Amino acid sequence: MLPLRWSSLLTPVFAALAEVSLPGMYGVYFAGFGLLFVVLWLCGHPGSAISPSSPQLPQGASFRKFQWTFLTAYVIMFAGDWLQGPTVYALYEYYGFSRADNGLLFIAGFGSSMVFGPFVGTAADKYGRKAICIV
């Protein structure tokens, strides 16, 4: 009996996912998150019925400046991270990995983040980031 490889089992799944148009998928995500943003913005708008009206929220010009500086940097960082996916797929394909192998690499990477992230984050909070990086 031949040894069973995970990539041979998942190849049909990744082949089916490869048929999905990448620009079309990005459009669906963009529209969905855009709609979610608009709904959340309308719910948080001062005139809405479910607006959180808390006097403890920071106000003033200095806070607004900080908020826009933070959000600008965050959006640039998030966009750069989002563009990593297509480029890494192309890079792995250039080095000879199949689409199924690319998918397995992404699943292994994000899966390990999902499993170990909470534990490492808790340890970093308890012992400090520098100590955890050294370990």
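Biologist: What share of the 135 residues of the protein chain counts as buried?

Modeller: In this predicted model, 7% of the 135 residues count as buried. The chain exposes about 11700 Å², and carbon and sulfur atoms supply 74% of that area.

Biologist: Why is N102 called buried?

Modeller: Buried means under 20% relative accessible area. N102 has 0% relative accessibility, so N102 counts as buried.

Biologist: Where is N102, and which residues is N102 in contact with, leaving aside its neighbours within four places in sequence?

Modeller: N102 is placed in helix α5, which covers residues 99–127. With those neighbours set aside, N102 is in contact with Y89, Y92, E93 and F97. What makes these contacts is heavy atoms within 4.5 Å.

Biologist: Why is W68 called exposed?

Modeller: The cut-off for exposed is over 50% relative accessible area. W68 has a relative accessible area of 58%, and therefore W68 is exposed. Helix α3, residues 61–82, holds W68.

Biologist: Which residues form a nonpolar patch on the surface together with W68?

Modeller: The patch is formed by W68 with F66, F70, L71, Y74, V75, M77 and F78. Together they have about 890 Å² of accessible area.

Biologist: How many helices and strands does the protein chain have?

Modeller: The secondary structure comes to 6 helices and 0 strands. From the N terminus on, the order is α-α-α-α-α-α.

Biologist: What share of contacts between residues at least 6 apart in sequence joins residues at least 24 apart?

Modeller: In the protein chain, 41% of those contacts join residues at least 24 apart.

Notes
Residues numbered from 1 in each chain as written. Predicted model: local features only at pLDDT ≥ 70, side-chain atom pairs only at ≥ 80, totals over all residues. Heavy atoms only, no water. Helix = DSSP H or I, 4+ residues; strand = E, 2+ residues; numbered from the N terminus. Buried < 20%, exposed > 50% of the residue type's maximum accessible area, 1.4 Å probe, protein only. Areas by Shrake-Rupley, 256 points an atom, 1.4 Å probe, with all protein chains shown as cover. Patch = residues over 30% accessible without salt bridge, like charges linked within 9 Å, V, L, I, M, F, W, Y side chains within 5 Å. Salt bridge = Lys/Arg side-chain N within 4 Å of Asp/Glu carboxyl O.
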